[in-house]
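Let's take a quick tour of a protein model, looking at its pockets and at some of its charged pairs. Have the structure open as you read.

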Amino acid sequence: MFMRVRVFETEARVARTLASRIATLLAAQPDLVLGLPTGRTPIPLYRALVRLHRRGRADFSRATTFNLDEFVGIARSDPRGYHGFMRRHLFDHVNLAPQRVTLLNGDAPDLRRECLRYDQAIARDGGIDLQILGLGVNGHIGFNEPAHSLVAATHRTRLRQATRRANAALFGHRLRAVPADGLSMGMATILRARRIVLLATGGSKARCVERMLRGRVTPRVPASFLQLHSDAEVWLDRAAAASVGNAT
Ligand code: GLP
């Protein structure tokens, strides 16, 4: 296995350990550039970061964040989108400077330009120091869905049914209300991050974790491309590690 794997007893322990690693990185490098995911998986991490911040142990005042993806057609102010998700779980509770918090605008008048702007903004800020990722049940990262080929740059993409289902809770559990398209950091945007930590928790991810770690590098499992990165770690709880054992 090319990726380093860490297995923790519970998802709470995954979250606490990563939160304190981020706090340590922020102390050493206050202008850290973080890439952030949404989904169920990072919620305990955000909760742990908020707790550390309230205790004065995590200072975000000079940090920059870029989120991985957003739904097309959803305005920034819409609570159902990832802007709203991030405000609720992290941004409203820590001291990030609003001008250094960047998300894709799924409601921009020109989405191609919006995607170009995003890659340029990341490059202008010197690239991402630590990219945190979740894992879609179908092997996606961000909204880079399984396909015959993958896209390097930030782009607009059609969401798979499995992905729309996984996101339905944000839209009142109404599958039809989930947008058909998303904007996502591209594979190269993600793989250019200096360090990557992918989080996967819960038994529903176990099979996909095994394919990502042990399978071929294939666009059918976009997360398998992380095998090509020189500093990518996979942090799992016991349930997500069920098919790969205790490998470290
Ligand atoms: C969404 C996000 C992905 C995320 C995935 C996993 O589709 N766009 O970036 O990794 O959800 O979701 P969960 O953590 O809820 O399993």
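A pocket here is an open set of grid points where a 1.4 Å probe fits, with protein on both sides within 12 Å along at least five of seven lines. By that rule, the second largest pocket comes out at about 180 Å³. Keep in mind that this is a predicted model. Rolling a probe the size of a water molecule over the atoms shows where empty space is left.

**The largest pocket**

- There's about 490 Å³ of space in the largest pocket.
- Two elements each give two or more residues to its lining: helix 3 (82-89) and helix 5 (161-166).
- Helix 5 is the top contributor, giving three residues to the lining.
- In total 27 residues line this pocket, and the ones nearest its centre are Thr38, Gly39, Arg40, Ala166 and Asn167.
- Sorted by class, the lining has 14 nonpolar, 10 polar and three charged residues.

**The second largest pocket**

- To find this one, look for Arg76, His83, Arg87, Phe91, Leu96, Ala97, Pro98, Val101 and Leu103, which line it.
- Six of its lining residues are nonpolar, one is polar and two are charged.

**Salt bridges**

- Side chains of opposite charge can pair when their charged atoms come close.
- The structure has 10 salt bridges.
- One of them joins the side chains of Glu11 and Arg40, at 3.9 Å from N to O. Glu11 sits in helix 1 (residues 11-28), while Arg40 is in the loop between strand 2 (33-36) and helix 2 (43-54), so this pair links distant parts of the chain, 29 residues apart.
- Both partners are partly exposed: Glu11 has 33% relative accessibility, and Arg40 has 47%.
- Glu233 and Arg21 also meet through their side chains, at 3.3 Å from N to O.
- Glu233 is buried, with a relative accessible area of 7%, whereas Arg21 is partly exposed at 24%.
- Those two residues belong to a network of salt bridges that links Arg4, Arg21, Asp231 and Glu233.
- Arg80 forms a salt bridge with Asp78, and their closest N and O atoms are 2.9 Å apart.
- Is Asp78 buried or exposed? Asp78 counts as buried, because its relative accessibility is 15% and the cut-off for buried is under 20%.

Terms used
Residues numbered from 1 in each chain as written. Predicted model: local features only at pLDDT ≥ 70, side-chain atom pairs only at ≥ 80, totals over all residues. Heavy atoms only, no water. 1 Å grid on protein atoms, 1.4 Å probe; cavity = no way out; pocket = protein on both sides within 12 Å on 5 of 7 lines; lining within 4 Å. Points joined across faces, edges and corners; volume = space filled by probe spheres on them. Helix = DSSP H or I, 4+ residues; strand = E, 2+ residues; numbered from the N terminus. Nonpolar A, V, L, I, M, F, W, Y, C, P; charged D, E, K, R; others polar. Salt bridge = Lys/Arg side-chain N within 4 Å of Asp/Glu carboxyl O. Buried < 20%, exposed > 50% of the residue type's maximum accessible area, 1.4 Å probe, protein only.
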